Amino acid sequence: MRLVRPEDFQPWVGRRVRVDTAPAPVDLLLVRIERMPPIVGADFREPFSILFEGSWLVLLLDATYWFDCGRAGPHPFHVTQLIPQGRTRRYQAIFT
């Protein structure tokens, strides 16, 4: 299995991505990729996170969803909802 890297998602920054949810898919904006410091003793991948934003009307639970973005997608991402900003919900997927 190939591990995803930040470069796989860079072309998607600023674009809407399709998320497979029930009963119908939703679109989220891929806002940015944040590179994180390396984990001591782990040399298999550079840690990073991806931040998404969506409408206040779209609520994703902290769970794994299929995101149609990046190289060789769609990819299963476990997302966590962050503190909303105004009328926008924010989500983060972390890769270590």
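What you're looking at is a predicted model, where local features need pLDDT of at least 70 and side-chain atom pairs count only at pLDDT 80 or more, while totals for chains, interfaces and linings use all residues. Residues are numbered from 1 along each chain as its sequence is written, and side-chain values use heavy atoms, with hydrogens and water left out.

**The barrel**

- Six strands make a closed barrel in the order β1-β2-β3-β6-β5-β4, with antiparallel pairing.
- On average, neighbouring strands of this sheet are turned by 45° against each other, direction ignored; the axes behind that angle are lines fitted to C-alpha atoms, and angles run from 0 to 180 degrees between N-to-C directions.
- A strand here is a DSSP run (E, at least two residues), numbered from the N terminus, and two strands pair if DSSP finds at least two bridges between them.
- Strands of a sheet pair through backbone hydrogen bonds, either parallel or antiparallel.

**Around β6**

- Strand β3 (residues 48-55) is joined to β6 by eight bridges, and this pair runs antiparallel.
- Find Ala93 in β6: Val79 is its bridge partner, and Ile50 stands opposite Ala93 too.
- Gln81, meanwhile, stands opposite Tyr91 in β6.
- β5 and β6 form a hairpin with six residues between them, and Gly86 in that turn has a positive phi of about 65°.

**The nonpolar core**

- The largest nonpolar core has 22 residues, and Phe9, Ile50, Phe52, Phe67 and Phe77 have the most contacts inside it.
- β1 (16-20), β2 (26-35), β3, β4 (63-68), β5 and β6 each supply at least two residues of this core, with the largest share, four residues, coming from β2.
- Such a core is a set of buried Ala, Val, Leu, Ile, Met, Phe, Trp, Tyr and Cys residues joined through side-chain atoms within 4.5 Å.

**Leu3**

- Leu3 sits in the segment before β1.
- Leu3 counts as partly exposed because its relative accessibility is 33% (buried is under 20% relative accessible area, exposed over 50%, partly exposed in between, with a 1.4 Å probe and protein chains only).
- Leaving aside neighbours within four places in sequence, Leu3 is in contact (heavy atoms within 4.5 Å) with Asp8, Phe44 and Arg45.
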